[in-house]
Amino acid sequence: MLEQYRLGARFLPHLPDRLVNGGTRLVAVALALRRREQRLIVERNLRRAAFGGEGAPKREMRRAVREAFVAYGRYYIDCARLAACGAAEVDAGFTFNNYQHISDARRTGPGAILVLPHVGSWEWAGVWLAQRPGVKVTAVVEPIDHPELFEWMGRFRRRIGMDIVAAGPDALGVLTRALLDGGVVCLLSDRDIGGGGVEVEFFGERTSLPGGAAVLARRTGSPIVGVVTSRRNGKCHAECMPPMVVGREGRLRDVVTQTTQLLAYRLEEMIRTAPTQWHLMQPNWPSDREALAAFGNGSAATVPARSR
């Protein structure tokens with residue numbers, strides 16, 4: 001896999017967009033057909049975010065699932081291309097709306113916490129942000145099963161100005177110091193990877209989401225800014241939401257629970273701006289796990305994605 005990424009980073013920047021887009025679509029459609037369990041999760045997520053918890057006509061659902069897999073493929077293509085992009089190319093391939101919300105958060109400070117869902121090519125936004133004068137970006141990433149690829153991607157990110165922290169027990173201290181030094185911390189927050197998150201209502205169902213953003217905001221006084229990326233007109237586009245300031249009074253557990261619930265509602269709003277680019281492929285709700293278990297028995301349709 002590492003060699004594939006190296007080859008992609010070497011050759012993709014020189015290929016015409018039409019060829020890259022066509023190839024990405026072909027591969028994505030093939031994966032959507034082969035990866036039946038991932039397709040099930042994508043369908044359930046689309047019912048939540050795009051269809052109000054209800055089913056959709058089969059043709060419309062097939063199209064939406066196909067677009068979600070294309071967005072997933074495009075994310076990896078963009079990552080590979082970024083490894084060879086200069087600052088001018090990054091800037092030319094990116095647009096940003098309401099960047100002042102990040103500036104306002106940094107002025108309120110000491111730092112800013114950016115909360116993102118798995119939508120679009122967030123890596124591009126992180127690289128662009130790291131190239132702003134005076135902005136130090138620290139991003140939390142999930143360790144992957146390929147240590148060499150993980151380290152290669154880490155070197156690439158550090159080369160363009162991002163600090164990378166692996167998700168785990170040591171991350172909180174590193175992120176706290178980064179914020180107190182005036183930095184920007186980026187957190188993907190629509191999936192509870194470790195399973196020890198905060199119970200919330202998310203798209204009408206009870207599940208858990210990571211409470212790290214709320215803990216960091218309470219600990220450092222840094223505001224939280226929601227950011228969602230999507231692909232528009234051939235470019236990566238980012239939208240910012242107004243800063244959320246977390247109170248420093250009250251019991252920590254209560255503040256973290258209330259703040260994480262508010263962030264869940266904000267994540268819903270952000271995901272709904274581009275639901276077919278939400279490429280979260282893992283079970284994220286207890287009912288997803290039930291559906292996968294039923295799917296193995298040929299009866300997944302009996303476990304619906306509920307909606308409020």
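These are my notebook entries on a predicted model of one protein chain.

**Entry 1: the whole chain**

I began with the overall make-up. The chain has 308 residues, and 51% of them count as buried. I found twelve helices and nine strands in its secondary structure. I then looked at contacts between residues at least 6 apart in sequence: 77% of these join residues at least 24 apart.

**Entry 2: the sheet**

Next I traced the strands across the sheet. Seven strands make an open sheet in the order β1-β9-β8-β2-β5-β3-β4, and the pairing is mixed. Which strands sit at the edges? They are β1 and β4 (162-166), as each of these pairs on one side only. On average, neighbouring strands of this sheet are turned by 25° against each other, with direction ignored. A reminder to myself: strands of a sheet pair through backbone hydrogen bonds, either parallel or antiparallel.

**Entry 3: β9 and its two partners**

On one side, β1 (residues 94-97) pairs with β9 (residues 235-240) in the parallel sense, over four bridges. Here I picked out two residues of interest: T95 has H237 in β9 as its bridge partner, and F96 stands opposite A238 in β9.

With β8 (residues 224-232), β9 pairs in the antiparallel sense over six bridges. R232 has K235 in β9 as its bridge partner. How many residues lie between β8 and β9 in their hairpin? There are two, and N233 in the turn has a positive phi of about 50°.

**Entry 4: helix α11 on the sheet**

Helix α11 (residues 252-271) does, touching β2 (112-116) and β8, and its direction makes about 20° with that of β8. With 20 residues at 1.5 Å a residue, α11 should span 28 Å, and its end C-alpha atoms are 28 Å apart, so the two values agree.

Which residues of α11 are buried? My list is V255, V256, T259, T260, Q261, L263, A264, L267, E268, M270 and I271. I noted that T259, T260, Q261 and E268 are among them. The cover over these buried residues includes α3 (36-49), β2, β6, β7 (205-209), α10 (212-220) and β8.

**Entry 5: α4 against α7**

I also looked at a helix pair. α4 (residues 58-82) and α7 (residues 122-130) pack at an angle of about 30°, and their axes are 8 Å apart. Angles under 35 degrees count as roughly parallel, so α4 and α7 are roughly parallel to each other. From α4, the contact uses Y75, D78, C79 and L82; from α7, W122, E123, W124 and V127. I sorted the residues of this contact by type and got six nonpolar, two charged and no polar.

**Entry 6: R191**

Last, I looked up a single arginine. R191 lies in the loop between β5 (184-188) and β6 (198-202). Is R191 buried or exposed? Its relative accessibility is 17%, so R191 counts as buried. What does R191 touch, leaving aside its neighbours within four places in sequence? I wrote down H118, E142, L209, P210, L280, Q282 and N284.

How values were computed
Residues numbered from 1 in each chain as written. Predicted model: local features only at pLDDT ≥ 70, side-chain atom pairs only at ≥ 80, totals over all residues. Heavy atoms only, no water. Buried < 20%, exposed > 50% of the residue type's maximum accessible area, 1.4 Å probe, protein only. Contact = heavy atoms within 4.5 Å. Pairing = 2+ DSSP bridges. Axes fitted to C-alpha atoms, helices over the stretch in contact; angles between N-to-C directions. Parallel < 35°, antiparallel > 145°, perpendicular 65-115°, else oblique. Nonpolar A, V, L, I, M, F, W, Y, C, P; charged D, E, K, R; others polar. Expected span 1.5 Å × (residues − 1).
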